[in-house]
Amino acid sequence: MDLDFSDNFIAKGKISIKELATKYKGDLDKEAGKKMLLDEKIKLRELQERLYADSGKSLLVVLQAMDAAGKDSLIEHVFGGVNPQGCEVHSFKTPSSKEYSHDFLWRHYLALPEKGKIGIFNRSHYESVLVCKVHPEYNLNEKVWDSVSDFDDKFWEERYESIRNFEKHLSENGTTVIKIFLHISKEEQKKRFLDRIDEQDKNWKFSMGDLPERALWDEYMKAYERAINETSKDHAPWFVIPGDDKWFARVAAIQIIIDALEGMKLKFPKLSEEDQKGLAEARKQLENE
């Protein structure tokens, strides 16, 4: 039984969101999946330590999804075992007035992981071609355009091109980029919203603003499909993971992340002959105390 899901969900060529599964229907069961996740977390921690020691490369993990798809819990369960000194999470909300005073990529440049670290974008620069595609009037806050009518096909093509160039630049300068879309069904989102309403300790997670956005589900799916098709490249691939089963989404995501780290060919620094002599001398001094 093949339990390596790393290549199962990569977006190659033109994808159709409607044709992609939201639920895992393979041979792995939930209990086995949970155990697999624990084993993979050990491997991820070892690779993260190697990345930190190598200090010449970095990894950027972009997470996108509809509301209630499980991004926050995926981050908690997948990265919960890594050294927090080598991993940073950035959750991007509505841009501030200062951020609107710069180009749409500016705040994302500031949040990029430094060499030796893993960076996680919980939502990302893709919001500019997702929520801003569904609500084009939001782009007027950038104070560059005069009217919604300015946001024509040429405008969106240039946005996709800017994103492609941004990610290409990162990949050419030591940052591996992987992008994960947690693909849940509209029915599953409804179930999770109802859970948030019915369970008192989850009430805080529900926002009345979620319902108007849910009503635009089809528009969001079109925006995701276009964004993925325009920007999934070998150097910055998109992975569309079935998200209705949270346990499975976590297993698939951690395997994709581990594969990306293994592909970097990371190495622990090799000491020079002079440094090795210094270690030998240090050992003598300590033993003779």
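Here is a short walk through this predicted model, from a central strand to its aromatic rings and its nonpolar core. Local features need pLDDT of at least 70 and side-chain atom pairs count only at pLDDT 80 or more, while totals for chains, interfaces and linings use all residues. Residues are numbered from 1 along each chain as its sequence is written, and side-chain values use heavy atoms, with hydrogens and water left out.

Let's start with strand 4, residues 175-183. Helices (H or I, at least four residues) and strands (E, at least two) are DSSP runs numbered from the N terminus. Two strands pair if DSSP finds at least two bridges between them. Strand 4 pairs in the parallel sense with strand 1 (residues 58-65) over 8 bridges, and Leu-60 stands opposite Val-177. Strand 4 also runs parallel to strand 5 (residues 238-242), joined by 5 bridges; here Ile-180 has Phe-239 as its bridge partner.

The whole structure holds 15 aromatic pairs. Rings of Phe, Tyr and Trp (its six-membered ring) pair if their centres lie within 6.5 Å; planes under 30 degrees apart are stacked, over 60 edge-to-face, and the rest tilted. Tyr-126 and Trp-238 are edge-to-face because their planes meet at 75 degrees, with the centres 4.9 Å apart. This pair links distant parts of the chain, 112 residues apart: Tyr-126 is in the loop between strand 3 (118-122) and helix 5 (131-134), and Trp-238 is in strand 5. Both residues are buried. Phe-151 and Phe-155 make a tilted pair, 4.8 Å centre to centre with 55 degrees between the planes. Phe-151 counts as buried because its relative accessibility is 9%, and Phe-155 does so at 5%.

Finally, which residues touch the most other members of the largest nonpolar core? They are Phe-79 and Leu-261, in a core of 78 residues. Such a core is a set of buried Ala, Val, Leu, Ile, Met, Phe, Trp, Tyr and Cys residues joined through side-chain atoms within 4.5 Å. Helix 10 (residues 246-262) gives the largest share of this core, 12 residues. Beyond its neighbours within four places in sequence, Leu-261 is in contact (heavy atoms within 4.5 Å) with residues including Leu-44, Leu-59 and Ile-118.

Conventions: Buried means under 20% relative accessible area, exposed over 50%, partly exposed in between (1.4 Å probe, protein chains only).
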